[in-house]
Each structure stands twice: as C-alpha cells, then as structure tokens.
Amino acid sequence: MPAYAELSELLDPRTTALLTVECQEGVVGADSALPELAEQAREGGALANVARLVAAAHAGGVQVVHAIAERRPDGRGASRNAPLFRAVQRLPVQQVSGTPAVRVAAPIEVAEEDLVVRRLHGLSPLQGTDADPLLRNLGCRTLIVTGVSANVAVPNAVFDAVNRGYTAVVPADAIAGVPSDYTRAVIRHTLAWVATVATTDEVLTCLERPRRLKRG
C-alpha cells in the first residue's frame with residue numbers, strides 16, 4: 001500500500017475527482033439484473049465503501065462523477081459486437097433510460113454538484129462519453145475509481161484514465177467483481193501495475209484532512 005505522504009500528494013482536492021462506476025439499482029440494487037455481482041458488492045462491503053468515499057468527497061470539496069450504463073428502450077445505438085452485449089439483452093432487468101434501474105443505488109447519495117455521465121454503448125465510462133472533457137475542464141489530474149465490475153468496466157475505466165494522462169487511484173475494497181477471488185487477482189496482477197492501489201480507509205484519511213487554503 002502507498003505511503004500516506006505519497007497518497008496525500010495525489011489526492012489534492014483541487015485536482016482530484018471520484019468516479020463511481022455502474023453503482024446503479026439495476027446492477028447493484030435489490031432488483032439487480034446481475035444478482036451475484038450485486039451480492040458481492042453489498043455483502044462484501046464495496047458498495048458501502050463507495051458510499052463512504054462519496055460522502056467524504058462531498059464534505060471535502062472533491063468532485064464526484066457517477067458513470068451510468070443504460071440503453072434506449074428501442075436499443076438504438078447500443079453495442080452488439082461482443083457476447084456480453086448479447087447476453088445483457090436477455091437479462092430480466094434492463095438498464096433502460098429513465099427507469100429505476102439506472103438510478104444511483106443506495107446507500108450512495110447524489111449531491112447537486114455531482115455529475116452523472118450516461119453511456120449508451122461500449123464498455124468504458126470514459127471512452128465515448130462526456131466524462132473526459134468534463135474532468136479536464138474541472139482541472140482533474142487524479143481519478144479515484146470505484147464501483148463495478150472488476151471484470152470489465154472498472155479495468156476499462158482505469159486503463160482509459162491512464163491512457164488519457166490521469167493518475168488512477170483504486171480503493172481495493174471499493175470495487176467488486178465475480179468471483180471474489182478474481183477481483184483480488186485483477187487488483188494484484190493488473191490494476192496495481194497501472195494505478196495506485198489503496199484501501200478505503202487510507203483514501204478517507206486523505207480526503208478528510210483539513211482543507212488547504214486556496215491560492216490567491
């Protein structure tokens with residue numbers, strides 16, 4: 001795990017944003033289309049840790065961005081070029097725009113100043129969405145990546161963040177995937193090579209420090 005000074009330097013509130021990935025009712029909620037993933041996120045504590053990080057970000061002036069995966073009711077423009085997309089079309093719960101399935105899931109609280117970025121295609125919260133230009137306009141240099149899943153969307157978010165010049169921080173206990181041992185493996189053998197891996201408590205210690213005076 002990183003030294004406090006190193007992590008604290010990365011997590012300057014003025015240049016840091018917190019990204020929640022697919023923490024929506026239809027994915028991690030009680031009526032999830034993916035109940036095994038939802039159980040891992042909830043019972044394993046990842047969703048609760050995301051909520052803690054979001055609350056600390058709100059209190060500390062760190063920008064929060066919620067990345068939501070959804071599709072139009074008619075499916076127009078949705079990706080169909082991978083087995084995953086075809087399997088999703090057969091799920092009992094669809095992530096349709098405007099439905100409860102695409103609302104940010106409890107216990108995460110959405111503040112007025114949060115940004116909600118919705119994507120209708122692809123696998124990544126950053127590729128082909130408004131997230132990257134919005135983050136750049138906000139002066140973001142460090143992106144804390146949380147949410148689901150460690151199988152697909154979270155690694156995509158981390159890789160795309162690094163490829164775009166951001167420094168990625170991954171709280172290991174604030175992401176979830178299936179099975180749980182795969183999540184641990186992808187953190188150790190993949191994400192740790194491209195991101196700063198920490199714990200939720202370590203990130204909270206940095207986010208909850210006294211805020212620096214703004215430069216005049």
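The sulfur of C140 sits 15 Å from the closest cysteine sulfur, the one in C206, which is too far for a bond. A disulfide here would be a pair of cysteine sulfur atoms within 2.5 Å. A search through the whole structure turns up zero disulfides.

A word on what is being looked at: this is a predicted model, where local features need pLDDT of at least 70 and side-chain atom pairs count only at pLDDT 80 or more, while totals for chains, interfaces and linings use all residues. Residues are numbered from 1 along each chain as its sequence is written, and side-chain values use heavy atoms, with hydrogens and water left out.

Both of these cysteines are tucked away from the surface. C140 counts as buried at 10% relative accessibility, and C23 counts as buried at 2%. The label "buried" means under 20% relative accessible area, with exposed being over 50% and partly exposed in between, using a 1.4 Å probe and protein chains only. C140 also turns up among the contacts of T15, which touches G139, C140, R141 and T142 once residues up to four places away in sequence are set aside; contact means heavy atoms within 4.5 Å. T15 lies in the loop between α1 (4-10) and β1 (16-21), and at 12% relative accessibility T15 is buried too. Helices (H or I, at least four residues) and strands (E, at least two) are DSSP runs, numbered from the N terminus.

Next comes V148, found in strand β4. At 2% relative accessibility, V148 counts as buried. Leaving out residues up to four places away in sequence, V148 touches V21, E22, V27, V28, L37, A41, A153, V154 and A176. The C-alpha atoms of V148 and C23 are separated by 6.8 Å, although the two residues are 125 residues apart along the chain. E22, one of the contacts of V148, is found in the loop between β1 and α2 (25-28). The phi angle of E22 is near 55°, a positive value in a residue other than glycine, and E22 is buried, with a relative accessible area of 13%.

V148 is also one partner in a cis peptide bond, which joins it to S149 with omega at about -10°. S149 lies in the loop between β4 (142-148) and α7. Another cis peptide bond runs from V178 to P179, with omega near -10°, and P179 is found in the loop between β6 (175-176) and α8.

Two packed helices are described by the angle between their axes and the distance between the axes. Helix α7 (residues 153-163) and helix α8 (residues 180-194) pack at an angle of about 25°, with axes 9 Å apart. The axes are lines fitted to C-alpha atoms, for helices over the stretch in contact, and angles run from 0 to 180 degrees between N-to-C directions. On the α7 side, V154, P155, V158, F159 and V162 meet T190, L191 and V194 in α8. By class, this contact has seven nonpolar, one polar and no charged residues.

How values were computed: Nonpolar A, V, L, I, M, F, W, Y, C, P; charged D, E, K, R; others polar.
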